[in-house]
Amino acid sequence: MTVLKFTVSALAVLAAAGAAEARDNLQVAGSSTVLPYATIVAEAFGENFDFPTPVVEGGGSGAGRKKLCEGVGENTIDVANSSSRIKQSDIDECAKNGVTDIMEIRIGYDGIVFASAVDGADFALTPSDVFLALGKNVAKDGALAANAAKQWSDVNAALPAQDILAFIPGTKHGTREVFDLKVLLEGCKANGAYDLYLAASTGADDEAKKKEAEAACFETRTDGASVDIDGDYTETLARLEANPTAIGVFGLSFYENNTDKLKVATVSGVTPSVETVSSGEYPVSRPLFMYVKKQHIGVIPGLKEYIEFFVSDDMVGPEGELTQYGLVPDPELAATQAAVAAETVMGPLE
Amino acid sequence: MSDATGHVTSLLAPDARTKARNAAERRFRMIGLSAVGLGLLALLVLLSSVLGNGLSAFQQTSVALTIPLDEKKLDKSGKRDPAAMAKVTTVGYGKLIQEALQDMLDQAGVDTGGLKPKELMGLLSKEAAADLRERVLADPALVGTTQTFEAMANGRVDGYFKGRVTLESAKRDANISPEQLELAQRMADAGLIVTSFNWKFLTNPDASELRPESAGLGVAILGSAYMMVIVLVLSLPIGVAASIYLEELAPKNRWTDLIEINIANLAAVPSIVFGILALALFINFLGLPQSAPVVGGLVLTLMTLPTIIIATRASLKSVPQGVRDAALGVGASKMQAIFHHVLPLAMPGILTGTILGLARALGESAPLLLIGMVAFVKDYPAAPPEGFFDPASALPVQVYSWTQRADPAFAERASGAIIVLMLFLLTMNAVAIILRRRFERRW
């Protein structure tokens with residue numbers, strides 16, 4: 001009898017589940033770079049507003065956008081955090097599932113820094129140095145040759161005579177995209193390898209040739225000098241502690257919170273900081289985005305208030321909480337705030 | 001003594017073959033001993049690293065402040081209307097705390113070393129203002145009185161007293177300066193900063209990167225408990241019913257063989273597979289909420305069922321056939337024989353299997369990744385049954401998300417969370433052993 005009762009109650013739980021009550025908390029997911037910022041905002045939002053604290057998930061930029069595009073309704077998320085811009089394929093997927101009104105909100109910028117263990121040698125890098133050290137093939141005497149550089153001093157005599165070992169973000173990270181475009185590609189062009197790739201490319205038209213050459217520039221050496229890290233910055237930090245002569249790639253905010261363990265490298269002579277990134281002097285940076293499902297505004301309580309609070313001066317302004325944590329404020333914040341207030345939907349990608 | 005072939009064998013001096021056999025035995029003993037030793041060593045390394053990193057999470061330094069809750073600042077209207085009082089944000093409460101801190105330093109005659117008010121506030125957790133505000137809003141009668149208030153010290157200051165942060169590392173640290181740490185030392189010498197057991201680590205919800213010192217396991221423990229309740233309520237009756245049918249009632253044929261093989265296989269399926277199933281079935285198809293203990297509980301039920309069925313069938317099998325025959329012989333029906341005689345005798349084994357299954361489910365994190373439980377959840381879930389549908393975290397998942405945070409104080413908390421999780425597992429396993437020792441009957 002008790003067995004029967006239990007089974008019936010179990011079925012009742014399942015049945016009740018189908019008619020679950022309306023969701024009253026916000027659901028946010030996406031980039032692990034934006035995650036710490038989003039949790040800070042969520043915490044302050046829960047404390048100072050009458051709404052429950054939003055639930056913030058990580059998982060990566062791409063995964064977050066995919067979840068956003070799953071459809072409209074209470075069991076889909078409201079906001080996707082992203083450290084790279086939304087792709088046309090995401091927008092198509094969204095449209096297919098009825099998510100037609102997406103708001104794109106740029107919350108600020110993130111610097112990407114090279115750092116070594118705190119008592120290691122000083123590094124003053126340029127994109128060209130990094131490409132020559134880590135690229136798969138480099139231009140040598142007007143021809144492409146497999147990268148044979150063993151020590152940093154082989155690449156640039158001014159760099160320390162240490163074996164080349166770099167921990168770079170894995171391909172699933174949004175950070176890798178910036179590293180590819182702002183460092184490897186720049187270095188590839190400066191080195192001349194890009195032109196050689198372009199000349200050797202077999203693409204149908206100029207556009208295809210350019211794509212092929214770029215993809216070739218993004219290839220890193222596979223002999224162990226360049227190591228992809230698929231985990232978080234904490235993993236990169238642990239690897240650096242085990243290999244004190246290595247160099248790692250971090251987000252600016254992660255570095256700012258671990259200045260006692262890391263020594264930052266300059267890039268093209270500029271030391272990364274919130275100021276140099278926002279002034280544009282420091283070259284390796286990227287915008288951070290929030291993608292909001294407008295169809296949920298007015299349906300899920302607190303959504304509008306949350307995004308307005310997120311872009312308020314108290315949070316992302318020059319003196320805001322997130323800026324103190326390491327986010328680089330957006331100089332065009334006022335325009336973003338106005339767009340959020342007016343609930344402007346993003347247009348097609350240019 | 002000599003035999004026909006002329007070999008002399010003494011009973012006192014072993015011959016070569018005996019020696020070789022004895023040596024083989026000694027070698028095997030050594031190998032066995034070193035295997036055990038290796039296992040113990042691994043356990044020792046694990047325990048010492050977890051305990052070494054995590055025990056300090058159970059200690060927290062804090063400052064006891066005496067705060068006059070000024071009516072003019074907190075409730076201008078004087079009507080004690082919670083809605084109007086809520087307009088004073090944490091910034092307003094922060095100022096009160098700052099004044100109280102400065103007063104306290106002046107009274108105790110501690111030299112502030114020329115630190116600015118903002119740097120003074122840097123010694124305290126950012127949680128303090130939010131805590132105070134919550135307390136006042138919960139009890140508006142406090143306004144106008146003077147209250148003592150325990151403010152947690154900032155994570156870096158806390159780390160300094162635990163040896164994680166040194167004056168040397170503070171020089172390079174953007175978040176704390178050596179001057180601030182020196183002031184903290186003077187305050188500790190004057191008895192203003194005290195270290196005590198950190199109950200908040202067990203009760204507080206998660207916290208953001210700005211205030212690692214206030215992060216706790218409250219939501220995670222509740223979420224895990226809710227899931228375990230669901231797992232127990234669902235998997236025990238279903239598992240026992242299935243086992244009784246298969247073991248006692250079902251005909252032995254190709255179909256039951258097939259089911260048996262499938263159950264054994266299911267028990268070995270990697271848990272992440274159940275997570276994928278749950279995402280597709282419970283969230284996308286049935287429309288259950290994300291991050292909710294009900295979904296987590298259902299997944300873990302699916303995962304635990306095979307374990308429970310296998311354990312239950314084994315203990316049903318171990319009840320001698322004579323018990324059933326005797327019951328049937330005195331006129332009991334098959335049902336009566338099972339429920340009055342076989343099941344009670346098999347119960348200790350079933351409970352042991354269930355508890356071990358639950359322990360495995362408690363430590364499981366992979367399937368929860370896919371259903372959105374690896375998230376920042378700050379609000380406590382409501383009381384059940386509504387609470388089953390509220391977002392919550394879980395213990396193993398909390399460990400996972402804390403190890404990913406940038407602030408080093410979270411590494412300490414992650415190890416602390418592992419200790420809590422291990423204590424729960426140890427308790428459950430101990431209960432299982434006690435049940436087995438106490439009630440198991442051997443034939």
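Predicted model: local features only at pLDDT ≥ 70, side-chain atom pairs only at ≥ 80, totals over all residues.
An unreviewed UniProt entry lists residues 221-432 of chain B as "domain: ABC transmembrane type-1".

Two helices of chain B were examined as a pair. They are α11(B), residues 218-249, and α14(B), residues 293-317. Their axes come within 6 Å of each other. The crossing angle is roughly 35 degrees, and the crossing is right-handed. The contact of α11(B) with α14(B) includes 19 nonpolar residues. A further 9 residues of this contact are polar, and 4 are charged.

Chain A was described next. It contains 16 helices and 13 strands. Its C-alpha trace spans about 80 × 55 × 50 Å along the principal axes. Of the 350 residues in chain A, 47% are buried.

Strand β1(A) covers residues 27-30. From this strand, A:Gln27 and A:Ala29 point one way. A:Val28 and A:Gly30 point the other way. All four of these residues are buried. β1(A) pairs with β2(A), a strand that covers residues 55-59. The pairing is parallel and runs over 3 bridges. Within the pair, A:Gln27 of β1(A) stands opposite A:Val55 in β2(A).

Note on methods:
Residues numbered from 1 in each chain as written. Chains lettered and ligands numbered in written order. Axes fitted to C-alpha atoms, helices over the stretch in contact; angles between N-to-C directions. Helix = DSSP H or I, 4+ residues; strand = E, 2+ residues; numbered from the N terminus. Left-handed = near helix turned anticlockwise from the far one by under 90°. Nonpolar A, V, L, I, M, F, W, Y, C, P; charged D, E, K, R; others polar. UniProt positions renumbered as here; feature names shortened; annotations may be inferred. Buried ≥ 20, exposed ≤ 12 C-beta atoms within 10 Å, placed from the backbone. Pairing = 2+ DSSP bridges.
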